[in-house]
Structure formats: structure tokens, C-alpha cells
Amino acid sequence: MTTSSSERGVSLGMPELPAPAYPDDVRARLEADARELIARYPDSRSALLPLLHLVQSQEGHVTRTGMRFCADMLDLTTAEVTAVATFYTMYRRKPSGDYQVGVCTNTLCAVMGGDAIFEALQEHLGVGNGETTEDGKVGLEHIECNAACDFAPVVMVNWEFFDNQTPASAKRLVDDLRAGRPVQPTRGARLCTFKETSRVLAGFPDERPGAVEESGSAGPASLVGLRLARGEAAPARVVHPRDGGPHEESADAMHEPPPAEHLSSHDAPQETSASDPAHPAGPTAEEGE
């Protein structure tokens, strides 16, 4: 005796229809931008990554229409484009928020309180990993190392840094984003929307007045290794014996300028998990929850 596919609960369905095309005016504009990007590369298919950012800037995520557009412009198959778009996590495959909030849950950020921050934001926003708030303002995800371990735990919004966070400061941050209040990253230009960020990542200039000048640089802790590599060694220290004598001190201590601070209104440098007993380190949620 045999059973049909419907009896087994299997739906064969119909083949997926081709992706719809962009409206003529949108396609004309994207084609002009795409040709500018493609002209920068000796091999046209090398422009695929920036083209994916370009189509992401149109709708806030990479749609089937966007992948079809990239394939047409680069003479690739949609399968080749899809393979790339699904490999890199910076390309969204479904609608996401105007502000993509990523909480680093890699080793150092996690033990410094990143897991606690991620759990607190899920509860505060009422969303899970990879989900977006109902108002479309904030998308939340856990992310891997963003090379800012010296400022752990780190939260990123549209790939801009917010350092030394705690659950409380992170909740204030997302509340400000949802309310439309100005938000200034710790290191970087003032925030723009995820669509605008995608266009900049595609390779087009940031046309916001003063945004480039605001971008700043790495914080002092990040630059220590660079200074040592350049031969800018720290001044010699005088270390006294352990006989109750004076503490060790730098010969130039009185002349050393304080390190420049790169703070935002959402920094919490005194309340990381290492110094805040109310927010102990350690995993509080399974990855992906």
C-alpha cells in the first residue's frame, strides 16, 4: 500500500516564480550607480559585494529582486549571487530595523557582560535574535568579535561603536533610537539609518555635512601597540624595593598628558560587569536566543 505526498504531509508545491523587477525609475537610478561601481574593478564580478550593499540600501535588505539585479549587471547566475549574499552576515535577508543593534557575545565581551546585555535587550524590546521591533526602528542580533576588546562589552548600531556598555546603558540607547533622540557613538560619526549606512558601505561618499570629520579614530587603549611598534616607548619607570618604600612612579608622570577620551552619552565606563556586582559576568542565555 502506498500513500500520496499529501497524505504524508509533504507539499511539492509550485516552482518559485522569478523575482519581480524594480520599477523603471528605480532600476535606472540603480543601474547608473552600479555602472560607477563596476568601473572600479578590472573584473566586473569583483563588484558583487558593493552591489549587494547598493541594493540593500534600496529596501533595507537584500531581496530576490536585488539579487536578480546584481546577476543581470554582472552577467552572473542568481545562484552565484545568492551564494555570496547568504554567506556574509552584513547582508540582511529579511526586513530589518532602521537601526541594527548588534551585541558582541564573543569571548571577552561575553564574560564582561555582553550576554547579560543581550538578554536584557531581548526582554526590554520584546524581540529575539534577528528580529525587529514592531515599529520598525530597531533590529537586534548577537554578533561576533568587532575587534574592540579593549572596550568590552561593546554594542554596535549600524556598525558604529558604543563602548563599555551595561544592560542599563544599552536599554537607554535603544530607547533613544526608538524615540528619535540624537545618539552619538563613542567613536565615529553620528548615526544614520541602515539604508544610508549600506550606501556608504557600497562605496559612495557620506554626503552628510561634517560626518567624515566626526568619524574620529581608535581609542587610546587600541593605539598602544601601534605606538610601541613605532618606537614610541613609554617612559622608564623607577621601581622601589618591597620594603615599605615609595610606590613605583614614572619619571615623566607629572608631565604626561591624560589620554584622550572618546565618550558618548551611552558609555558606561564605571559599570561594566567587572565593577558592577548587579550585572555579573557569565552566560545568561543560549547563543541565538
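R92 lies in the loop between helix 4 and strand 1 (99-104). The model is predicted. R92 has 7% relative accessibility and therefore counts as buried, the cut-off for that class being under 20%. Leaving out residues up to four places away in sequence, R92 touches Q56, G60, H61, V62, Q100, E141, W159 and F194. R92 and T63 are 29 residues apart in sequence, and their C-alpha atoms are 8.6 Å apart in space.

Helix 2 also packs against helix 7 (residues 194-202), at an angle of about 160 degrees and with the axes 8 Å apart. Helix 2 is therefore roughly antiparallel to helix 7, since angles over 145 degrees count as such. The crossing of helix 2 past helix 7 is left-handed. The residues that make the contact are tabulated here.

| Helix | Residues in the contact |
|---|---|
| Helix 2 | P50, H53, L54, Q56, S57, Q58, E59 |
| Helix 7 | F194, K195, S198, R199, L201, A202 |

By class, the residues of this contact of helix 2 with helix 7 are five nonpolar, five polar and three charged.

The largest nonpolar core has 25 residues, and L51, L52 and V81 have the most contacts inside it. At least two residues of this core come from each of helix 1 (24-38), helix 2 (48-59), helix 3 (64-74) and helix 4 (78-85). Helix 3 supplies the largest share, six residues. Not counting residues up to four places away in sequence, L52 touches V62, M67, C70, V81, V84, A85 and Y91. A second, separate core has 19 residues, including L125, A170, L173 and V174.

Technical notes: Residues numbered from 1 in each chain as written. Predicted model: local features only at pLDDT ≥ 70, side-chain atom pairs only at ≥ 80, totals over all residues. Heavy atoms only, no water. Core = buried A, V, L, I, M, F, W, Y, C linked by side-chain atoms within 4.5 Å. Buried < 20%, exposed > 50% of the residue type's maximum accessible area, 1.4 Å probe, protein only. Helix = DSSP H or I, 4+ residues; strand = E, 2+ residues; numbered from the N terminus. Contact = heavy atoms within 4.5 Å. Axes fitted to C-alpha atoms, helices over the stretch in contact; angles between N-to-C directions. Parallel < 35°, antiparallel > 145°, perpendicular 65-115°, else oblique. Left-handed = near helix turned anticlockwise from the far one by under 90°. Nonpolar A, V, L, I, M, F, W, Y, C, P; charged D, E, K, R; others polar.
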